[in-house]
Each structure stands twice: as C-alpha cells, then as structure tokens.
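Me: I would like to learn how to read a protein model slowly, one feature after another. Could you take me through this one?

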Amino acid sequence: MAVADPPVVDRASAPEWLVAQLAEGRPGCTTVVAHSIMFQYLSDDGRRAMLAAIDEAGQAATEDAPFAWLRLEPGGDQAELRLTTWPGGTTHLLGRSSYHGPPVVWLAPVGGVIRPSTR
Ligand SMILES: C[S@@+](CC[C@H](N)C(=O)[O-])C[C@H]1O[C@@H](n2cnc3c(N)ncnc32)[C@H](O)[C@@H]1O
C-alpha cells in the first residue's frame, strides 16, 4: 500500500504543523489527530497551542465533518489510550499499556458501545 500510495511526511514541529493542518475545514471527512508518547516533549507553549487547536477543531466539528483525538500518553505508571470525539466532545478510555507496548489491556467493548470517561 505504501509503495502504491506513499504517505506524505512533513518535517515539522507538531504544534505549528497541527495548527496549520486544522485551520481548514474538511467537509465530508472525519479528521483524526493521533499521537503517542510525545506530549511530554513539547514546551508549555507547544502543549497549549496543540490543545487550543484541538479544542477549536472539536468545537467546529459537525456531523458532516466529525473530529477525533486519539492519544496514547502517560496516565500514572502506565500509558493510557484515550479517544475524544466531536461533535459532543465525549472522551473514552480505550485501554492501558506499558510505555513500550505489552501488556496491553483493552477496556472498551469490542464491537459494542464504549463507555465515556471523565479525563
Ligand atoms: C518516546 S518517542 C515516541 C515515539 C512513538 N510515537 C511511540 O509512541 O513509540 C517521542 C517522540 O516525540 C517526538 N517529538 C518530540 N517533540 C516533538 C515535536 N515538537 N513535534 C513532533 N514530534 C515531537 C519525537 O520525534 C519522538 O518520535
């Protein structure tokens, strides 16, 4: 697949890149922002810029142009996989893992309704 349709890889810092990417709406598409064990490496300003861009994109989401934020980031002594979807801004804790992979505990039902969490 990657040979037939090579992905575009931009060399950029995440906050600036994300703000630019999310500036344009994408009617008819679901936009997903995903990141894994990288938030802690950003500056405070970078984290704030990324969170503001994600929040703004969430508020602008519609049924025709949904927005999702999927992240595997520290949650105490384990990493937590969380998903927030808009419209609505509902957050789900999907699973927990070590910081480098297994053991992975999947918490959301497979093929069922996932349970909102408060973080
Ligand atoms: C611990 S590694 C995690 C790598 C991979 N995401 C994973 O979960 O296995 C931290 C990653 O954060 C990335 N990173 C650090 N600062 C960044 C920034 N300002 N913008 C984008 N990525 C950044 C690094 O390039 C590195 O790949």
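Me: Which residue in the turn of the hairpin formed by β2 and β3 has a positive phi?

Reply: Before the answer, two remarks on the model. It is a predicted model, in which local features need pLDDT of at least 70 and side-chain atom pairs count only at pLDDT 80 or more, while totals for chains, interfaces and linings use all residues. Residues are numbered from 1 along each chain as its sequence is written. Now to the general idea: most residues other than glycine have a negative phi, and most peptide bonds are trans. In this hairpin, where 2 residues lie between β2 and β3, the residue is Gly76, with a positive phi of about 85°. The hairpin of β3 and β4 has 3 residues between its strands, and there Gly88 takes a positive phi near 115°.

Me: Which residue has a positive phi although it is not a glycine, and where does it lie?

Reply: Ile37 has a positive phi of about 45°, and Ile37 lies in the loop between β1 (31–36) and α2 (44–60). To describe its surroundings we count C-beta atoms, placed from the backbone: a residue is buried if 20 or more other C-beta atoms lie within 10 Å of its own, exposed if 12 or fewer, and partly exposed in between. Ile37 is partly exposed because 13 other C-beta atoms lie within 10 Å.

Me: Which peptide bonds are cis?

Reply: The bond from Trp86 to Pro87 is cis, with omega near 5°, and Pro87 lies in the loop between β3 (78–86) and β4 (90–98). A cis peptide bond also joins Pro102 and Pro103, with omega about 0°, and Pro103 belongs to strand β5 (residues 101–106).

Me: How many helices and strands does the protein have, and in what order do they run?

Reply: Helices (H or I, at least four residues) and strands (E, at least two) are DSSP runs, numbered from the N terminus. Here there are 2 helices and 6 strands, and from the N terminus on the order is α-β-α-β-β-β-β-β.

Me: How do the strands pair, parallel or antiparallel?

Reply: Two strands pair if DSSP finds at least two bridges between them. β1 and β2 (residues 67–75) run parallel and are joined by 6 bridges, with His35 standing opposite Arg71 in β2. By contrast, β2 and β3 run antiparallel over 9 bridges, and Trp69 stands opposite Thr84 in β3. The antiparallel sense is found again for β3 and β4, over 7 bridges, where Thr85 has Thr90 in β4 as its bridge partner. Finally, 4 bridges join β4 to β5, which also run antiparallel, and a hairpin joins these two strands through 2 residues.

Me: What hand does the unit made by β1, α2 and β2 have?

Reply: A crossover is right-handed if, with the strands pointing away from the viewer, the path from the first strand over the helix to the second runs clockwise. β1, α2 and β2 make a right-handed β-α-β unit.

Me: Which residues make up the largest nonpolar core?

Reply: In soluble globular proteins, nonpolar side chains tend to be buried together. A nonpolar core is a set of buried Ala, Val, Leu, Ile, Met, Phe, Trp, Tyr and Cys residues joined through C-beta atoms within 7 Å. The largest one here has 7 residues, namely Leu18, Met50, Ala53, Ala57, Ala61, Phe67 and Trp86. The largest share of this core, 3 residues, comes from α2. In the protein as a whole, buried residues make up 12% of the 119 residues.

Me: Why is Ala79 called buried, and which residues is it in contact with?

Reply: Ala79, found in strand β3, is buried because 20 other C-beta atoms lie within 10 Å. Two residues are in contact if their C-beta atoms, placed from the backbone, lie within 7 Å. Leaving aside neighbours within four places in sequence, the contacts of Ala79 include Ile37, Leu72, Arg96 and Tyr99.

Me: Which residues are around the ligand?

Reply: A residue is near a molecule or strand if its C-beta atom, placed from the backbone, lies within 6 Å of it. Around the ligand are Ser13, Ala14, Ser36, Ile37, Met38, Tyr41, Leu42 and Gly46.
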